[in-house]
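Here are a few friendly notes to read alongside the structure. Have it open as you go through the points.

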Amino acid sequence: MKRILLISKDAESRTRIENAMNDEGHHVETVARGKDAVNRMSEHDYSLVLIEEKLHGQKGLNVLKEIKAAGYTMPVILISEQGSKEVALQAIKHGAYDFFSKPIHDEFVATVINRALEKYALEQELSELKQQAADKVLEDEIVAHSPAMIQTMNLARKVSKTDVTVMITGESGSGKDLFAKTLHMMSTRSGGPFVSVNCAAIPETLLEAELFGYEKGAFTGAARQHQGRFERASGGTIFLDEVGNIPMSLQSKLLRVLQEKVIERLSGMSPIAVDVRVISATNKNLDIEVSQKRFREDLLYRIRVFDIRIPSLRERKEDIPILAERFLAQYGENMGKNIAGFDTMAMKFFMTYLWPGNVREMENLIQRALILEEGNMIKGETVFSLVSEENMTRSPDYINAKEKVSSVAEHEEKKLIMEALIKSHWKRQKAADYLGMSRKSLFNKMKKYGL
Ligand SMILES: Nc1ncnc2c1ncn2[C@@H]1O[C@H](COP(=O)(O)OP(=O)(O)OP(=O)(O)O)[C@@H](O)[C@H]1O
Ligand SMILES: [Mg+2]
């Protein structure tokens, strides 16, 4: 049984359609006004909507437009007065599936409606399948085994189904780009374009033209008309990466675009409507930027309707071995190197290191280790030699100064102990001698650092 909504004030066509549909086993609900129809539709799912052209003080065509503008995808059929071809044509133009001209023939009505219902059911099934396939691909790509990441993924899955404006925050290399693409792919806009703009990489003077486009002759060198990234993203998603770097002068223009959903090309004569979902990312603290008057507060509210924070790698240690194995397999195959895995020391290092550059740092580190490694395992020695002095002692910016001092000191100490252990081939007495400490205190320190 399908649920059908009929908008009609005409008792005769109402009875005819209700009877015809009941015979087919469908359920028809009738309302007399367009306003009531829109309300009903927000409360229940209908598989089909029929609209009579002549309504109380309103045209059926306008109700059709309203329904389509609200983004409903079920088929809508318009019932026009006898001989009003123009209305029928307009209806099709505005997205109606079909139209009936009065007088209504029961058999014809049933055939057309059934065909529309069938088509809609297939479309829904197809989009469901597409969605599942897209989700699957992404779940394969993104490593998310730790509780922190599972939670983040669940959140992403929820917001991806809406058009809400999302801001992704996270440290450098934590996966903001990957997540932005994921949100797009999981959304109903996945068939549309995904257009990425790195607001920090485009010079300030060019950013406006790049985002909104320009008309021929807008400035010296504008030899032809140029579509901006917002326009190119229409029907899809625009990803404003490093959004905190947008200059103040452009922030007010961006705000207008988000509020009114129209853009204006440089030297353009009229505004152009754009249908885009905005995702942005930053590793700046935009609340601080706002308090320093470098970022507009009203813009921040607009772009941070929903906030997804990607945990740093050290907050999701459970993902470390899986990511490491994944990169090893992927790049090992690319390089034609057959390396079985990581030795204990390498893995211990991975688990205890602070990863200031997060997943990207790990990806690079493993690539370089693969190049250097001659045995059939990635050794602790090798990865260790690849981490820069600076990164080894660098702690993430958010750790306060006091913690920072102690964590630097601890890191230094850990580093020395690891070095000694590697040099002594994991012989504790030898390493202790080398470090000038007792075997027992070395043992305690190893325990402390999880070595
Ligand atoms: N959860 C994850 N699973 C698999 N690969 C990941 C994951 N997170 C990040 N990566 C990989 O790590 C690398 C860095 O990710 P990405 O570029 O998305 O980070 P970012 O936060 O945008 O970095 P930046 O702050 O420098 O712009 C990419 O190659 C990405 O594919
Ligand atoms: Mg990025």
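1. Let's begin with the ligand, keeping in mind that this is a predicted model. Ligand 1 is surrounded by 15 residues, and the closest are V143, G175, K176, D177 and V359. Two helices, α7 (176-186) and α15 (358-372), each contribute at least two residues to the shell.

2. Next, the domains. The assignment divides the protein chain into domain 1 (3-124), domain 2 (142-311) and domain 3 (314-448). Ligand 1 lies between domain 2 and domain 3, because both give residues to the shell around it.

3. Now for the packing. The largest nonpolar core counts 33 residues, and I168, F230 and I238 have the most contacts inside it. Elements giving two or more residues to this core include β8 (166-169), β12 (237-241) and α10 (248-260). Helix α7 provides the largest share, four residues. Apart from this core there is another, of 30 residues, with I17, L55, A88 and V109 among them.

4. I168 deserves a look of its own. This residue sits in strand β8 and counts as buried because it has 29 C-beta neighbours inside 10 Å. Leaving out residues up to four places away in sequence, I168 touches K176, F179, A180, I279, A281, I308 and I310. K176 is also one of the residues closest to ligand 1. The C-alpha atoms of I168 and R309 are 5.8 Å apart, although 141 residues separate the two along the chain.

5. Neighbours within four places in sequence aside, its contacts are L211, F212, I238, V257, I263, V274 and V276.

6. Finally, some backbone details to check. Most peptide bonds are trans, and most residues other than glycine have a negative phi. K102 and P103 are joined by a cis peptide bond, with omega about 0°; P103 is in the loop between β7 (98-101) and α5 (106-141). W355, not a glycine, has a positive phi of about 50° and lies in the loop between α14 (344-352) and α15. N358, not a glycine either, has a positive phi of about 55°, and its place is in helix α15. Are W355 and N358 buried or exposed? W355 is buried, with 24 other C-beta atoms within 10 Å, and N358 is buried, also with 24.

Conventions: Residues numbered from 1 in each chain as written. Chains lettered and ligands numbered in written order. Predicted model: local features only at pLDDT ≥ 70, side-chain atom pairs only at ≥ 80, totals over all residues. Near = placed C-beta within 6 Å. Domains from an automatic or database assignment. Core = buried A, V, L, I, M, F, W, Y, C linked by C-beta atoms within 7 Å. Buried ≥ 20, exposed ≤ 12 C-beta atoms within 10 Å, placed from the backbone. Contact = placed C-beta atoms within 7 Å.
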